[in-house]
Structures are given as structure tokens and as C-alpha cells.
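Try each task yourself before you read its solution.

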Amino acid sequence: MQTDVKQGHLNQSGFFVLGRNRVKGISFFGTGTDGTVVLFDTASAPVTSSVTYARSGTTVTVTKTAHGLSTGNVVGIHFDSNTSQSATDGNYVITVASSSTFTLTDINSGTITSTAASYVSGNGRWLMTYEIDSTDTFSNAPIIPGEGVLATQGIYALMTNIDSTQIYYG
């Protein structure tokens, strides 16, 4: 049994810890509106400002002015929903279309008009996403199986309409 488990707590988006750790558990509580908590493995905050996307079939086009990425880069990305649909969060190899757009191939297909996204690149990656409904009045504590989820850079929580998030890590 592992005995070096620690706990981190946030009331807003930010880092729980930097460096190599495993997420052993998570709990979160919302504000009475639809909420989302996304964990990224990163040493720098995700790109969130003025990032939009649209999906046609399996092709997702992400728009971010002066993104600075190159074809073949991997991004860990979270897609906000639009009319109860979203592209599939994950880690994707991208193709740069211009200095302001890149594309990726979603594992699912459909049509989604422009809405927001957040991403990390370089050594960063997406770890997990949890969403709660506005009628959810409980503290949520999903089970993370096995030895947990490995983060090699650091653990960052991107929180939208979430009052607090706690993780257990080690």
C-alpha cells in the first residue's frame, strides 16, 4: 500500500502540484450551474483566451491567433459543449493550416458550430474531464482505478462554475 499520498485543494483554476505525480482521487463541488473541471498534465497554464473550434465530420478546426504550433505537435485539449455537443477531449497530433488555425481528427464525428476550447502543448497533455449539471447538489468523488493517472509535468485544474476541487496525489 502506498503511504505517501498528499491532498491539494483549489477554489479557482490553478496548479495543485508541479512535477511527476499520480492523481489518486478527485472530488469537486459546483455552484448550482453547469460546471466543468478539467485536469491537465502541464508545467504552464493552458491556453484559454480566444480559442474556438468547430467540427465537421471527424475534422476539428481550432482557431487561435498566433498559436505558434507546428504540424506533428501533440496538444492536450478540452472542448466546451455547444447545444449539448462537443468534440472529444483528448491528446491529438495536429496539422497546422495557418498561423491562426490547426486541425485534428476527432475519434467521433458530427457537426458543431464555433465554441470555446482550452489546450496545452509541448510536454503537456489532457488527463481527465468531469462535468456536473446545475441540479447536482452533491460533492462528487469519482473513482480513479488502479495506481491513478500519471502526470509527468504537474497537475493543473481548469475549473468553470466549480466552487472547489480537491485531489489526492502521490
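## Exercise 1: Salt bridges

In this predicted model, R125 and D41 bring their side chains together in a salt bridge, at 3.2 Å from N to O.

**Task.** Where do R125 and D41 lie, and how many residues apart are they?

**Solution.** 
- Step 1: find the elements. R125 is in strand β10, and D41 is in strand β4.

**Solution.** 
- Step 1: take R125. Its relative accessible area is 29%, so R125 is partly exposed.
- Step 2: take D41. The relative accessibility here is 0%, so D41 counts as buried.

**Task.** How many salt bridges does a search of the whole structure find?

**Solution.** 
- Step 1: the search finds three salt bridges.
- Step 2: one of them joins D106 and R55, whose side chains meet at 2.7 Å, N to O.
- Step 3: check the cover. D106 has a relative accessible area of 3% and is buried, and R55, at 7% relative accessibility, counts as buried.
- Step 4: another bridge is formed by E147 and K24, with the closest N and O atoms 3.8 Å apart. The cut-off for a salt bridge is 4 Å, so this pair is within it.
- Step 5: E147 sits in the loop between β10 and β11, while K24 is in strand β3 (residues 21–30); the pair links distant parts of the chain, 123 residues apart.
- Step 6: E147 is exposed at 54% relative accessible area, whereas K24 is partly exposed at 21%.

## Exercise 2: Aromatic pairs

**Task.** How are the rings of F15 and Y156 arranged, and why does the pair get its label?

**Solution.** 
- Step 1: recall what to look up. A pair of aromatic rings is described by the distance of the centres and the angle of the planes.
- Step 2: the structure holds four aromatic pairs. In the pair F15 and Y156, the ring centres are 4.9 Å apart and the planes stand at 85 degrees, so the pair is edge-to-face. The cut-off used in this step is an angle over 60 degrees.
- Step 3: place the residues. F15 is in strand β2 (residues 14–18) and Y156 in strand β12 (residues 154–160), so the pair ties together parts that are 141 residues apart in sequence.
- Step 4: compare the cover. F15 is partly exposed, at 32% relative accessible area, while Y156 counts as buried, at 10%.

**Task.** Now do likewise for F102 and Y119: what are the distance of the centres and the angle of the planes?

**Solution.** 
- Step 1: the centres of these rings lie 5.5 Å apart and their planes are at 85 degrees, so F102 and Y119 form an edge-to-face pair.
- Step 2: F102 is buried at 0% relative accessible area, and Y119 counts as buried at 3%.

## Exercise 3: Positive phi

**Task.** What is the phi of S50, and what is the phi of N161?

**Solution.** 
- Step 1: Most residues other than glycine have a negative phi.
- Step 2: S50 is not a glycine, yet its phi is positive, at about 60 degrees. S50 lies in the loop between β4 (35–41) and β5 (52–63), and is exposed at 60% relative accessible area.
- Step 3: N161, also not a glycine, has a positive phi of about 55 degrees. N161 is in the loop between β12 and β13 (162–169), and counts as partly exposed at 38% relative accessibility.

## Exercise 4: A charged patch

**Task.** Which residues gather in a patch of negative charge on the surface?

**Solution.** 
- Step 1: the patch brings together D34, D80, E131 and D133.
- Step 2: look at D133, found in the loop between β10 (125–132) and β11 (149–151).
- Step 3: with a relative accessible area of 41%, D133 is partly exposed.

Definitions and conventions:
Residues numbered from 1 in each chain as written. Predicted model: local features only at pLDDT ≥ 70, side-chain atom pairs only at ≥ 80, totals over all residues. Heavy atoms only, no water. Phe/Tyr/Trp six-rings, centres within 6.5 Å; stacked < 30°, edge-to-face > 60°. Helix = DSSP H or I, 4+ residues; strand = E, 2+ residues; numbered from the N terminus. Buried < 20%, exposed > 50% of the residue type's maximum accessible area, 1.4 Å probe, protein only. Patch = residues over 30% accessible without salt bridge, like charges linked within 9 Å, V, L, I, M, F, W, Y side chains within 5 Å. Areas by Shrake-Rupley, 256 points an atom, 1.4 Å probe, with all protein chains shown as cover. Lys, Arg positive; Asp, Glu negative; His and termini not counted. Charge placed at Lys NZ, Arg CZ, Asp CG, Glu CD.
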